[in-house]
Structures are given as structure tokens and as C-alpha cells.
Amino acid sequence: MTDIMAAASAHGYGLVDDKLVKATQECLDTGSIMPMLKEELRCTIQNRRLAEGKTELTVQFTPPTEQQLNAEEIIKKENRREQNRRAARKFRQKQATLSQNFQKRIEQLEAENRRLTTQVKRLSNEKSYLQGKLHANRSVCGDCARCS
């Protein structure tokens, strides 16, 4: 961090805010510009507040402390986890059953489609055969009333 401060002084920037230096170093370490953007936003807000005659805004965050669970809470947590596992297992089984049912239905419809396609071909051939026979009868019979 002192390297950044020294570089800033060497280039004539004068006093450098420690928070800005930390944000710059974090940017260099992480490769993200987000820390610099946040610090710039903080500085802009502070400058606006000071220009309006308001006091400087100070925010201090304390990380949340992790509380130890008592025995009852641990049991509740484990029960919720187990209930969640059962629900997830039931959901996966239901999805698998639905998938199998859909697959069976697809196979049934494909078989029905093949059967109907074969029937259409057979009936089409029969129609052609009967039309040919009718045409042959007309040519032999001529002007017969039965053939009309």
C-alpha cells in the first residue's frame, strides 16, 4: 500500500485518502474495478453532503457474529434438512415416473402411427387394384348398366 501512496506523492497528487489506496490495491489484487467504483461513489456522496453543509457520513459495519445453536435448534435444523431430502427424493422419483410414462406413451403412439401408416398403404393398394379391375371391366363390358 505504501508503494501506491509513494507513487501518488511522486506524481504530485498530495494527500491520498487511505480508503482510496485500499480500494486501489484491492482492484489490483482482484482484477475487479468494483472497489474503486464503490470508493468513488462514497467520495461523491461525502463531497455532496459537505457542500450542503451537512456533517460527514460515517458508516461502520460490524460483521455478524455467528451464534452457536442449542440442542433444540440443532435438532430442528437436522429435521428440516431430512424433510428437504425426502421431498427432493420424492420429487425426483415423481419426475422419473412421469418421464417413463411419457416415454411409454410415445412408444405407443409411434406403434399406432406405424400400424395406421401400414393400413393406409394397404388400403391405397387395394383401392388402386379395385380401380384397375373396374377400368378393365368397363373396357370389356362397354356400355353395361351394371358397370356404371
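Leaving aside neighbours within four places in sequence, Gln-46 touches Glu-56 and Leu-57, where contact means heavy atoms within 4.5 Å. Gln-46 itself is found in helix H3. At 8% relative accessibility, Gln-46 counts as buried. Here buried means under 20% relative accessible area, exposed over 50%, and partly exposed in between, with a 1.4 Å probe and protein chains only.

The model is predicted: local features need pLDDT of at least 70, side-chain atom pairs count only at pLDDT 80 or more, and totals for chains, interfaces and linings use all residues. Residues are numbered from 1 along each chain as its sequence is written, and side-chain values use heavy atoms, with hydrogens and water left out.

The protein has four helices and zero strands. Its pattern along the sequence is α-α-α-α. Helices (H or I, at least four residues) and strands (E, at least two) are DSSP runs, numbered from the N terminus. Of the 148 residues, 7% count as buried. Among contacts between residues at least 6 apart in sequence, 8% join residues at least 24 apart.

The largest pocket holds about 250 Å³ of space. Grid points are joined across faces, edges and corners, and the volume is the space filled by probe spheres set on the points. The lining consists of Lys-19, Arg-42, Ile-45, Gln-46, Glu-56, Leu-57, Thr-58, Val-59, Gln-60 and Phe-61. Helix H3 (residues 34–51) gives the largest share of this lining, three residues. By class, the lining divides into four nonpolar, three polar and three charged residues. Ala, Val, Leu, Ile, Met, Phe, Trp, Tyr, Cys and Pro count as nonpolar, Asp, Glu, Lys and Arg as charged, and the others, Gly among them, as polar.

Thr-58, one of the lining residues, sits in the loop between H3 and helix H4 (71–141). Thr-58 is exposed, with a relative accessible area of 63%. Gln-46, also in the lining, is buried at 8%. Thr-58 and Gln-46 are twelve residues apart in sequence, and their C-alpha atoms are 9.2 Å apart in space.

Glu-39 also lies in helix H3. With 9% relative accessibility, Glu-39 counts as buried. Its side chain is joined to that of Arg-42 by a polar contact of 2.4 Å. A polar contact is a pair of N or O atoms within 3.5 Å; within protein, one must be able to donate a hydrogen and the other to accept it, and residues adjacent in sequence count only if both atoms are side-chain atoms. Arg-42 belongs to the pocket lining. Beyond its neighbours within four places in sequence, Glu-39 is in contact with Asp-17, Lys-19, Leu-20 and Ala-23. Of these partners, Lys-19 is also named in the lining.

Thr-24 is placed in helix H2 (residues 18–30). Thr-24 is partly exposed, with a relative accessible area of 22%. Thr-24 and Glu-39 are 15 residues apart in sequence and 9.2 Å apart in space, C-alpha to C-alpha.

Cysteines were also examined. Cys-27 is buried, at 12% relative accessible area. Cys-43 is partly exposed, at 26%. The count of disulfides comes to zero, a disulfide being a pair of cysteine sulfur atoms within 2.5 Å.

Note on methods: On a 1 Å grid over the protein atoms alone, a cavity is a set of points where a 1.4 Å probe fits but cannot get out, and a pocket is an open set with protein on both sides within 12 Å along at least five of seven lines; lining residues have an atom within 4 Å of a point.
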